[in-house]
Amino acid sequence: MKYVIAIIQPDRLDEVLRRLTEKEIHLVTVSNVVGRGRQKGIAAVYRSHKEMGNLLRKVKLEIAVNEAFVQPTIDAIIAGARSGEIGDGKIFVIDLPRCIRIRTGEEGGEAIG
Amino acid sequence: MKRPIMHGRRMSRVALAACALIPAMIAPAMAGDPAAPAPPSTNSGDTSWLLMSAALVMLMTPGLAFFYGGLVRKKNVLSVLMQCLMALCVVSLQWVLFGYSLAFGPDKGGFIGGLEWFGLAGVGQDPDPAGYAPTVPHLAFMIFQLMFAVITPALIIGAFAERMKFAAYTIFSLLWATIVYDPVAHWVWGSGGFLRAMGALDFAGGTVVHINAGVAALAAALAMGRRQGFPDGISPPHHLPFAVLGAGLLWFGWFGFNAGSALSAAGLASSAFVATHTAAATAGLVWALLDRAFHKKPTTLGMITGVVAGLVSITPAAGFVTPMGAIGIGIGAAVLPWCAVTFLKTRLGYDDSLDAFGVHGIGGIWGAIATGIWATRSVNPNGADGLLAGNPAQLWIQIKATAITGIYSLILSFVIFKLVERFVGLRVTEHEERVGLDLTLHKEAAYTIVD
């Protein structure tokens, strides 16, 4: 089992979800996050006072998958989120030792889908 | 700075109407005593407009709370709302107990009213004896003026937001209302007040409310010192939609503030209403254009700031200028405060958190002086002609009244701040400022993270 974490541009969320659905990956947790990377911030102006916003809004997806779904998940996220510009985001894949469904107590691959 | 007093043609119309109506209305009750004198007459149209206007002006203080509340950081929004609410409570009581009497009571040397009307003694359902508003109950005039007395100290909050102790704020507001607002209101509007006698024009409170509070805001910023991290470590406004909501409520309430100051429901109120709206619209537009020209994009905060500055500047002039005059005043109302918040604040380095001085002080001073430029007796025969109507002397009177009020407010406000500092302290601790005033001063949080 793997735990896939993706940081993407907020406006790409719908497209990424659509691509994931196409590959029958339905379970996903989404959060609003702020962060920074090479893209740098966007300056804002408040009554002529310039603010260099150094943190940008992003969306974080968290998806737990069985081995067979790791590559399809990555492909779907890239297909949905890539624009070719700086700031498209990153995907992190980490090992997932355990997964438990709260309702039934099932463990492992059974519980993940 | 005279409130327009009804006389001539209008008076006779009201008198005629009263003569015609009153006998008919009271005939059954008076049947046994046909010779009894008619009671003093109030005009129901004027009275209902003034009561409605008082309610409109009341709404401006919660409106101001949201305007300011949206501009502070998340951790301090409740503290600003609380300060506005406390002004509404504490100054209202002050006004009913003795503030109204100090401002509008029988004159003592042109400087202050006496305490003859303490606890509203003698302030009743008949028109006031001083002739402030001859067609409405004295109580209606009093409650209308109360709302002005409440919002004026609340305006100063913008200068010391996010760092003042709540008890110090409450004591300051009470002292300031008593020592600064009440005398200045008496000079300008009170029967026998010396600025009124000098012929200064202030239709709805440009001097009494905005210069007075705006200059006190400068004193506040100087007395309090800067917030930790100012200027670069301060986060931007936490909720601009709140600020827009607040500005909208202010704009709406301002019709009561200015058109209500006609103290009658007729032509002059309509003229003031139109001038008020025209100046606000002009200044909002011009501020957006300035932002577009100098920062490449028009900003929401800029536009609402311009609207408020336009409303501030038209306040002293509302009942004395034509709609074209209002456009002229509105342009200056955007340009001068824009320059103040862009250059002056940065150059001088004071931390007027929400630009109470930049908007109300500078906008108020411009409005008072501009009244001396655009005023014309063709709009209000009880007013005066200004510079453009061939009377440069009025401009000089306006400048003198501005200077006298500004200097008085600056010095007295600073002294009151220092007194309060001496006895209770002004600033919260560094820890409280860092954690936020909502949690440390009020034990509440405006926003929860879950549910």
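A: What follows is a close look at a pair of packed helices in chain B, and then at other parts of the model.

The model is a predicted one, and every value below is computed from it. Two packed helices are described by the angle between their axes and the distance between the axes. In chain B, the axes of helix α7 (residues 206–224) and helix α12 (residues 356–374) come within 8 Å and cross at roughly 145°. The crossing of α7(B) past α12(B) is left-handed. On the α7(B) side, the residues that make the contact include B:Gly206, B:His210, B:Gly214, B:Ala217 and B:Ala221, while on the α12(B) side they include B:Phe357, B:His360, B:Gly364, B:Ala368 and B:Thr371. An α-helix has 3.6 residues a turn, so residues three or four places apart point the same way. Sorted by class, the residues of the contact between α7(B) and α12(B) are ten nonpolar and ten polar, with no charged ones.

B:Asp355 sits in the loop between α11 and α12 of chain B, and its phi is positive, about 60°, although it is not a glycine. B:Asp355 counts as buried because 26 C-beta neighbours lie inside 10 Å, and the cut-off for that word is 20 or more. A second residue with such a phi is B:Glu162, which is not a glycine either and has a positive phi of about 75°. B:Glu162 is found in the loop between α4 (138–160) and α5 (166–189) of chain B, and it is buried, with 23 other C-beta atoms within 10 Å.

B:Ala334 is buried, since 30 other C-beta atoms lie within 10 Å. Leaving aside neighbours within four places in sequence, B:Ala334 is in contact with B:Ala283, B:Val286, B:Trp287, B:Leu290, B:Gly306, B:Ala309 and B:Gly310. B:Ile365, one of the α12(B) residues in the helix contact, is 31 residues from B:Ala334 in sequence and 13 Å from it in space, C-alpha to C-alpha.

Going on from α7(B), the loop between α7 and α8 of chain B contains B:Pro231, and the peptide bond from B:Phe230 to B:Pro231 is cis, with omega near 5°. Helix α8 (residues 240–259) of chain B has 20 residues, which at 1.5 Å a residue should span 28 Å, and its end C-alpha atoms are 28 Å apart, so the two values agree. Even so, α8(B) has a kink of about 30°, centred on B:Gly253. Of the 20 residues of α8(B), 14 are buried, so this helix is largely enclosed by the rest of the structure.

B:Ile411 is partly exposed because 13 other C-beta atoms lie within 10 Å. From B:Ile411 to B:Pro323 there are 88 residues in sequence and 36 Å in space, C-alpha to C-alpha.

Finally, there is the contact with the other chain, where six residues of chain A are in contact with ten residues of chain B. Strand β3 (residues 43–46) of chain A gives the largest share of chain A's side, three residues. By class, that side has three nonpolar, one polar and two charged residues.

Conventions:
Residues are numbered from 1 along each chain as its sequence is written. Chains are lettered from A and ligands numbered from 1 in the order in which they are written. This is a predicted model: local features need pLDDT of at least 70, side-chain atom pairs count only at pLDDT 80 or more; totals for chains, interfaces and linings use all residues. Axes are lines fitted to C-alpha atoms, for helices over the stretch in contact, and angles run from 0 to 180 degrees between N-to-C directions. Helices (H or I, at least four residues) and strands (E, at least two) are DSSP runs, numbered from the N terminus. A crossing is left-handed if the near helix is turned anticlockwise from the far one by less than a right angle, and right-handed if clockwise. Two residues are in contact if their C-beta atoms, placed from the backbone, lie within 7 Å. Ala, Val, Leu, Ile, Met, Phe, Trp, Tyr, Cys and Pro count as nonpolar, Asp, Glu, Lys and Arg as charged, and the others, Gly among them, as polar. A residue is buried if 20 or more other C-beta atoms lie within 10 Å of its own, exposed if 12 or fewer, and partly exposed in between; C-beta atoms are placed from the backbone. The expected span of a helix is 1.5 Å times one less than its number of residues. The bend at a residue is the angle between axes fitted to the seven residues ending there and the seven starting there.
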